[in-house]
Amino acid sequence: MKKILLVGEFTEVYRSVGEALADEYQVQFCPAETETMHGMIKLAAPDLIVICMPGLEPLDNDIFSELNSRWGQLPVLVISTKENFEHVKWHCDDKRYKARFIPIKNSEILEACFNMIDPERIETPEEDLIWFGKKPNLHRKKILVVDDAALMLRSIKAMLEDEYDIILAKSGEKALSSIAKEMPDLVLLDYNMPEMDGKETFEKIREMVGNSIPVIFLTGVNDRNKIIDVLTEKPAGYVLKPPDRDQLKEKILQALG
């Protein structure tokens, strides 16, 4: 079995990537520390290094300096947001580096690893690709709906499921876990939730994936000050609850570009 060294901090994205890779490879988990990484490369002799950047920004450039000076023969896959990759891309101008940008499906990460570890393999036609889990509809966008009210989740799902693949989450914590696993194209996020509210959840989403996933707030508060508070977070928009079907679809289309 081929071996991968997964370098990063223990975030939801890091954990999800590790679980996906473990189905096909022997995975060694490694913190983003140069000496630890150096020792684990010597010990494990991996076929591929995967650097998972979420949770590392601003990333210590010593990681890349170590790889470039001591381990120039190893291929390296960098998983990052496009914004954060801009800060390190000058380290990655060698052909052995590849980058994949969040949001990304686990099946796409696995495909990148296949290509990097065995670049001479015969490519499989798209219709014959092995999909991990249920084969996705490649033409439908995926929307994560986050609300602590089950009735609201069912209502929004019924409004949108004819046009989009819908994922439901009843809390901010479950939303973060779903984003790490599924990487939706858009999030509809309730602003008023117990424990982790919409504002805190939004901030954690930004920490995980930057601005790569647009977020539309759902709020039942039509007070002007509350709406201004929502907008200061710079989401893709907001919709008052209960949402109007046509208005909601229009906001989604605008956010998805």
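Is Glu-195 buried or exposed? Glu-195 is exposed, with a relative accessible area of 73%, where buried means under 20% relative accessible area, exposed over 50%, and partly exposed in between, for a 1.4 Å probe and protein chains only. The structure is a predicted model, in which local features need pLDDT of at least 70, side-chain atom pairs count only at pLDDT 80 or more, and totals for chains, interfaces and linings use all residues. Residues are numbered from 1 along each chain as its sequence is written, and side-chain values use heavy atoms, with hydrogens and water left out.

The chain holds 10 helices and 10 strands; these are DSSP runs numbered from the N terminus, with helices being H or I of at least four residues and strands E of at least two. Of the 257 residues, 46% are buried. Among the contacts (heavy atoms within 4.5 Å) with a separation of 6 or more, 63% are between residues 24 or more positions apart. The chain exposes about 13400 Å², of which carbon and sulfur atoms supply 49%; accessible areas come from the Shrake-Rupley method with a 1.4 Å probe, and for residues only the protein chains shown count as cover.

Most residues other than glycine have a negative phi, and most peptide bonds are trans. Glu-195, which is not a glycine, has a positive phi of about 60 degrees, and this residue is found in the loop between β8 (186-190) and α8 (198-209). Ala-45 likewise has a positive phi, near 50 degrees, and is placed in the loop between α2 (34-44) and β3 (48-52). Ala-45 is partly exposed, at a relative accessible area of 46%.

Two cis peptide bonds can also be described. One runs from Ile-102 to Pro-103, with omega near 5 degrees, and Pro-103 lies in the loop between β5 (97-101) and α5 (106-117). Another joins Lys-241 to Pro-242, with omega near -5 degrees; here Pro-242 belongs to the loop between β10 (237-240) and α10 (245-256).

Helix α7 (residues 172-182) gives a view of the packing. Its buried residues are Gly-172, Ala-175, Leu-176, Ser-177, Ser-178, Ile-179 and Ala-180. These buried residues pack against α1 (12-22), β6 (142-146), β7 (165-169), β8 and α8. After α7 comes Met-183, with a positive phi near 50 degrees.
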